[in-house]
Amino acid sequence: MTVSVRDITEQQRIELEQRVLADAGAALVSLDYEEALHLIARVAVRALADFAVLFVVEEGGEPRRVATASRDPALTWCMDTLMVLPPPPRAAHPIWEVLETRTSQIRELAPERYEALAESPEHLRSLRAARPRSSLSVPLLLAGQCVGVLYLTSSTRWFEQRDLCLAEELARRCALFIENARLHRAERRAIQARDEMLAIVAHDLRNPLNSIVLHSELLRAYGAESHPRSREPIDAIVSAAKRMNRIIEDLLDVTRSETGHLAIERARIPAGTLVTEVVATQRPQVATRALELRLDLAEDLPDVWADPDRISQVFENLVGNSMKFTTGGRISIGAAPQQGEVRFWVADTGSGIPPQDLPYLFDRFWQARKTRSVAGLGLGLAIAKGIVEAHDGRIWVESQVGVGSTFFFTLPIAAGPEPARAAAR
């Protein structure tokens with residue numbers, strides 16, 4: 001038998017309410033939408049009621065029963081009949097009334113009224129088995145809109161105003177959770193739609209761009225001797241087309257990395273070789289900016305598990321980012337071993353990154369204000385992050401305004417067989 005709140009002390013009641021809200025908070029951190037609402041229903045029956053049901057108004061405007069709970073497992077069968085929401089215009093039904101009025105209700109359910117309330121003989125049988133004595137209906141309100149209803153019944157006591165206040169707090173938290181879940185689903189749908197569109201556009205652009213590059217190369221091969229000056233516009237066309245191809249590949253890479261389909265072919269590679277080859281390829285480009293490029297390697301660097309082409313892409317993106325912010329001084333590329341992994345870095349003596357920008361650096365399509373007029377989509381660091389994480393590594397940045405920035409990333413040391421995760425990709 002449920003203990004009436006009249007049978008406990010004020011201190012016990014306060015502790016009960018605090019426990020209910022704590023349990024509700026724990027339930028609503030679940031990433032599983034349906035499971036979280038079922039947990040809330042179970043919290044309600046443990047503290048307030050014998051039966052609990054949650055209705056949520058779907059995006060089309062129709063209420064749907066999403067969660068139920070019964071204090072007595074032997075009476076669970078009653079839920080399928082008692083908690084069926086009759087179609088409108090049965091306005092007398094408490095759920096429809098709460099949805100319409102957005103106002104909480106406490107009702108007395110006398111046994112002699114069961115026959116009048118029953119929708120069918122099966123419904124009447126369920127009412128007599130459950131023996132509801134009192135019901136409590138609370139709207140889930142958000143910005144003045146009713147997004148659902150929490151409905152409770154008790155067979156052992158009458159609900160009172162204090163129960164109503166606690167149930168309304170539960171309903172408020174449920175409403176916020178439902179709204180956040182809807183926003184999250186909408187965001188995921190928007191991201192998926194954007195990624196699908198990017199993939200289609202990238203695929204459709206690649207063939208004509210490859211054709212432009214091919215024909216430009218043919219023009220350069222056959223027309224350079226008779227018209228030497230014709231090489232300049234042809235070279236410009238080839239350069240622009242190759243850059244567009246690079247942008248397309250970046251768009252595809254950032255989508256692949258977020259969906260876990262980024263192609264990674266890891267092999268056992270000396271960490272020192274990775275860095276020295278990167279320095280050799282990047283030195284001419286850095287020199288065009290009148291910057292010094294330094295190599296900083298620890299002794300006896302171990303082998304790492306890495307896809308050399310992808311890690312070169314990481315270094316290329318990090319060095320390119322450093323050159324955007326460094327107008328004089330140097331860029332350093334280095335590596336050193338540490339506890340089961342090798343730490344790599346690209347450091348510069350540039351302008352540094354303001355603290356408020358640091359949390360967004362690895363977000364795709366984000367660019368610092370100083371570089372938003374510079375060509376690029378803001379994908380370089382996001383792609384670097386995706387590649388490093390696909391290698392089971394970590395990437396981060398340390399920066400001080402006016403001093404410079406250092407981007408670090410790690411790769412696992414190749415101390416045994418290739419990790420299973422790499423083989424699965």
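Arg294 is partly exposed, with a relative accessible area of 37%. Here buried means under 20% relative accessible area, exposed means over 50%, and partly exposed lies in between, with a 1.4 Å probe and protein chains only. This is a predicted model, in which local features need pLDDT of at least 70 and side-chain atom pairs count only at pLDDT 80 or more, while totals for chains, interfaces and linings use all residues. Residues are numbered from 1 along each chain as its sequence is written, and side-chain values use heavy atoms, with hydrogens and water left out.

## Salt bridges

Arg294 forms a salt bridge with Glu292 through their side chains, at 2.9 Å from N to O. Glu292 is also partly exposed, at 38% relative accessible area. A salt bridge is a side-chain nitrogen of Lys or Arg within 4 Å of a carboxyl oxygen of Asp or Glu. Side chains of opposite charge can pair when their charged atoms come close. The structure holds 20 salt bridges, and the table lists some of them.

| Pair | N to O distance |
|---|---|
| Arg13 and Glu17 | 3.1 Å |
| Glu292 and Arg294 | 2.9 Å |
| Lys385 and Glu389 | 2.9 Å |

Arg13 and Glu17 both belong to helix α1 (residues 10–27), where they are 4 residues apart, about one turn of the helix. Helices (H or I, at least four residues) and strands (E, at least two) are DSSP runs, numbered from the N terminus. Are Arg13 and Glu17 buried or exposed? Arg13 counts as buried because its relative accessibility is 3%, and Glu17 counts as buried at 15%. Both residues also take part in a network of salt bridges that links Arg13, Glu17, Arg157, Glu160, Arg162 and Asp163.

Lys385 and Glu389 share helix α11 (residues 380–390) and are likewise 4 residues apart, about one turn of the helix. Lys385 is partly exposed, with a relative accessible area of 29%. Glu389 counts as partly exposed at 36% relative accessibility.

## The sheet β2-β1-β5-β4-β3

An open sheet of 5 strands is arranged in the order β2-β1-β5-β4-β3, with antiparallel pairing. Two strands pair if DSSP finds at least two bridges between them. The edge strands, β2 (63–70) and β3 (105–108), each pair on one side only. From one strand to the next, the twist averages 15°. Strand β1 (residues 51–57) runs antiparallel to strand β5 (residues 145–154), and 6 bridges join them. Phe51 stands opposite Thr153 in β5.

Helix α4 (residues 94–101) packs on this sheet, touching β1, β2, β3, β4 (134–142) and β5, and its direction makes about 145° with that of β5. Contact means heavy atoms within 4.5 Å. Axes are lines fitted to C-alpha atoms, for helices over the stretch in contact, and angles run from 0 to 180 degrees between N-to-C directions. Which residues of α4 are buried? They are Pro94, Ile95, Trp96, Val98 and Leu99. The buried residues of α4 pack against β1, β2, β3, β4 and β5. After α4 comes Arg102, whose phi is positive, near 55°. Another helix, α2 (residues 33–47), lies across β1, β2 and β5 and runs at about 50° to β2.

## The sheet β7-β9-β10-β12-β11

Another open sheet has 5 strands in the order β7-β9-β10-β12-β11, and its pairing is mixed. Its edge strands are β7 (292–297) and β11 (395–400), each pairing on one side only. The twist averages 15° from one strand to the next. Strands β10 (residues 341–348) and β12 (residues 404–412) pair in the antiparallel sense over 7 bridges. Glu341 stands opposite Pro412 in β12. Helix α9 (residues 271–287) packs on the sheet and touches β7, β9 (330–338), β10 and β12; its direction makes about 175° with that of β7.

## Helix α7

Met197 is found in helix α7 (residues 161–223). Met197 is partly exposed, with a relative accessible area of 49%.

Glu217 is also placed in helix α7, and counts as partly exposed at 29% relative accessibility. Leaving out residues up to four places away in sequence, Glu217 touches Val238 and Lys242. How far apart are Glu217 and Asp235 in space? Their C-alpha atoms are 8.5 Å apart, while the residues are 18 apart in sequence.
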